[in-house]
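I opened my notebook to look up how the two chains meet and what one of them looks like inside. Here are my entries.

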Protein chains: 2
Amino acid sequence: MSEQREGGERLSRAAAHRLSLYLRALAGWPADGGKVSSGRIAEACAVSDAQVRRDLAALGNLGQRGIGYDARDLVAAIRAALGIDRTWRAVLVGVGNLARALLRYQGFRAQGFDIVGLFDTDPAKIGQVVEGLTVESAATLGGRAKELGAELAVLTVPAETAQAVADVLAAAGVRGVLNFAPVLLRLPPRVKLVTVDLAIQLEQLAFLIQPGEAEPAPADG
Amino acid sequence: MSEQREGGERLSRAAAHRLSLYLRALAGWPADGGKVSSGRIAEACAVSDAQVRRDLAALGNLGQRGIGYDARDLVAAIRAALGIDRTWRAVLVGVGNLARALLRYQGFRAQGFDIVGLFDTDPAKIGQVVEGLTVESAATLGGRAKELGAELAVLTVPAETAQAVADVLAAAGVRGVLNFAPVLLRLPPRVKLVTVDLAIQLEQLAFLIQPGEAEPAPADG
């Protein structure tokens, strides 16, 4: 993962991931409207102090030497850099237990993700109201995603159907997919993909606890 | 993320992640007992052919020039390298929707993770049978985790209680924690941590779809 960016203005994906960690650390501290040091963020996120200062310097002239960063300004700057200082309209496809857990997850709305439509293929689920939204037929997904102005989609469908659903969403103009199905999706380059593959996370944990593993456990996302 | 390892025998964490992706790709293809080329794996995982060949060469003498790899041997070698060629006993703490989704997730057992105990603080949940296991009181977690021989733990508890639960698990001798609570946990170095932080994944997706972002979307886990 290279930290070098040709344009210079945009963050690397690794830097964006660290900014997410900083935001998580800042959220865990009392909102006293006070100052926070790069060292405190560095310690909480298991990143070097110098790295934190470099990452935050890239966001603009935020800190004051010897005083630190204004916590509120820092949160606002990081949210702007990550693109979560606005609301994203999203549809969710596949209304099972995972979807219900996600819909109840406070973080969705807090990060500016507004779920505006639920879809499923199961006739028993279509018409049900889940967390205030009525489940619609997945057969109508393409047209409805456009009507709803969905920019993002959350996929909590079985692996077998994920690619077909992703194709419909891509054709409907969705720009990003958060995929929980354990499958490697293929999407046109204009549609961005983040996959949360639990099997891979489990494998990484098994790998880490094998005898001989000496790397420190980072607080990764 | 450095690919350099001082010892030389162990994989880097990045390489382990790529092996997980290769395994995912191999699982998606028909088990015809046949051969598979590094190029086919490379294409499915959006990794270079040379990288795939290097990663697989590190696992031993598996491929034959011009013929490719035996798919079954490759899967076995990757599973051994990742430490999922055995069964890991795990407890799950926090029996909500996410936990229910995870318990139904076929990948858990397929990756060798055997959930042997469920724990919650909610009196209404204690005693319930979920996916064949009786939910026990979280107050008994430390002693029961030892009795059950738990090596791993899955945390699906609220952010506020995650650290306290993690401390109990660490004291009980658990070696690895798969954490879904949106919080940066602190654990002793002998306890490994993999955090699945949905807020961070959402932030990364928002970051990727911002105007100006030009990086290809990797099939990450």
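**Entry 1: the meeting surface.** I checked which residues each copy uses. Of the interface residues of chain A, 98% are also interface residues in chain B, so the copies meet through the same surface. I took two residues as in contact if their C-beta atoms, placed from the backbone, lie within 7 Å. By that rule, 62 residues of chain A are in contact with 61 residues of chain B. The elements of chain A that each supply at least two residues to this side include helix H1 (13–27), helix H5 (97–104), strand S10 (192–195) and helix H9 (198–209). H9(A) gives the largest share, 12 residues. I used DSSP runs, numbered from the N terminus: helices are H or I with at least four residues, strands are E with at least two.

I sorted this side of chain A by class and found 35 nonpolar, 15 polar and 12 charged residues. Ala, Val, Leu, Ile, Met, Phe, Trp, Tyr, Cys and Pro count as nonpolar, Asp, Glu, Lys and Arg as charged, and the others, Gly among them, as polar.

**Entry 2: ground rules.** This is a predicted model: local features need pLDDT of at least 70, side-chain atom pairs count only at pLDDT 80 or more, and totals for chains, interfaces and linings use all residues. Residues are numbered from 1 along each chain as its sequence is written, and chains are lettered from A and ligands numbered from 1 in the order in which they are written.

**Entry 3: symmetry.** I laid chain A on chain B with a turn of 180° and a shift of 0.0 Å along the axis, and the RMSD was 0.0 Å. That is the relation of a two-fold axis. The superposition is by least squares on C-alpha atoms of residues with pLDDT of at least 70 in both copies.

**Entry 4: two helices of chain B.** Which residues of H1(B) meet H2(B)? I found Arg18(B), Leu21(B), Tyr22(B) and Ala25(B), which meet Ile41(B), Ala44(B) and Cys45(B).

Entry 5: Two bridges join strand S6 (residues 129–130) of chain B to S7(B), and the strands run antiparallel. Val129(B) stands opposite Thr134(B).

Note on methods: Two strands pair if DSSP finds at least two bridges between them.
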